[in-house]
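Please open the model in your viewer and keep the sequence panel beside it. The stops below say what to select next and what is to be found there.

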Amino acid sequence: MTKIISLFILEAVFCFTFFTVSYSDINLIQTNCKKTPFYDLCVLTLKSDPRSSTADVPGLARIVADSVNAKAIATLNQISALLKSVKDPTLEKALEGSDIPVAIDAIEKNNPKFAVQSATDAGNEAQACENSFAEKASNSPIFSGNKAVHDLSVVLQSIASLLL
């Protein structure tokens, strides 16, 4: 009987510890995402990455930066494919690159001010690309990619700002 009680207590302690850690991780994500203008996107992005379960605020910033980088690469790949069939200076300018790898490096080197600036630049570049299509009264073939890069860059900027 004592073994059963001991086993039950041990199991209860284990479950309590596990659920407390999980609650704390979710709480850290929600608390920080509330400080961004795209709460739902922030929570979805962080919860979808298993690294968030053990991440601190710089770790959360890195996760978002990696997500922005992946979206930026996908968008640049889409632009490259479009350039093979259409010669358009607007699309060519968009190929100049992304500032997100610079933001990742800044986060890793504990330089949040530079990470904020790089994220801001990446978001502005995506928006400028969209604006160039609007000026020509044409539909952007990369709207969804640019929107994702812009919005995630704003989330990254907000989280990196918490590190200042």
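This is a predicted model: local features need pLDDT of at least 70, side-chain atom pairs count only at pLDDT 80 or more; totals for chains, interfaces and linings use all residues.

Is Asn-110 buried or exposed? Select Asn-110 and look at its surface: at 65% relative accessibility, Asn-110 counts as exposed, where exposed means over 50% relative accessible area, buried under 20% and partly exposed in between, with a 1.4 Å probe and protein chains only. Asn-110 sits in the loop that runs between helix H5 (100-108) and helix H6 (112-135).

Residues are numbered from 1 along each chain as its sequence is written, and side-chain values use heavy atoms, with hydrogens and water left out.

**The whole chain**

Now show the protein as a cartoon, in which there are seven helices and zero strands; helices (H or I, at least four residues) and strands (E, at least two) are DSSP runs, numbered from the N terminus. Of the 164 residues in the protein, 38% are buried. Contact means heavy atoms within 4.5 Å, and among contacts between residues at least 6 apart in sequence, 63% join residues at least 24 apart.

**H2 against H7**

Next, select H2 (39-47) together with H7 (residues 143-161). Two packed helices are described by the angle between their axes and the distance between the axes. The axes of H2 and H7 come within 10 Å and cross at roughly 85 degrees; here axes are lines fitted to C-alpha atoms, for helices over the stretch in contact, and angles run from 0 to 180 degrees between N-to-C directions. H2 and H7 are therefore roughly perpendicular to each other, the word used for angles of 65 to 115 degrees, whereas those under 35 count as roughly parallel, those over 145 as roughly antiparallel and the rest as oblique. Show side chains here, and you will find Leu-41, Cys-42, Thr-45 and Leu-46 of H2 meeting Asp-151, Leu-152, Val-155 and Ile-159 of H7.

**Thr-36**

Move to Thr-36, in the loop between helix H1 (2-33) and H2. Thr-36 is buried, with a relative accessible area of 9%, and its side chain reaches the backbone oxygen of Cys-33 at 2.8 Å. Apart from neighbours within four places in sequence, Thr-36 is in contact with Cys-42, Val-155, Ser-158 and Ile-159.

**Salt bridges**

Finally, look for charged pairs: the whole structure holds six salt bridges, each being a side-chain nitrogen of Lys or Arg within 4 Å of a carboxyl oxygen of Asp or Glu. Select Asp-66 and Arg-51, which form one of them, with their closest N and O atoms 2.8 Å apart. This pair links distant parts of the chain, since Asp-66 belongs to helix H3 (residues 57-85) and Arg-51 to the loop between H2 and H3, 15 residues apart. Arg-51 counts as partly exposed, at 37% relative accessibility.

Then select Lys-147 and Asp-151, whose side chains meet in a salt bridge (2.7 Å, N to O). Both lie in H7, four residues apart, about one turn of the helix. Lys-147 is partly exposed at 41% relative accessibility, whereas Asp-151 is buried, with a relative accessible area of 8%.

Methods. A polar contact is a pair of N or O atoms within 3.5 Å; within protein, one must be able to donate a hydrogen and the other to accept it, and residues adjacent in sequence count only if both atoms are side-chain atoms.
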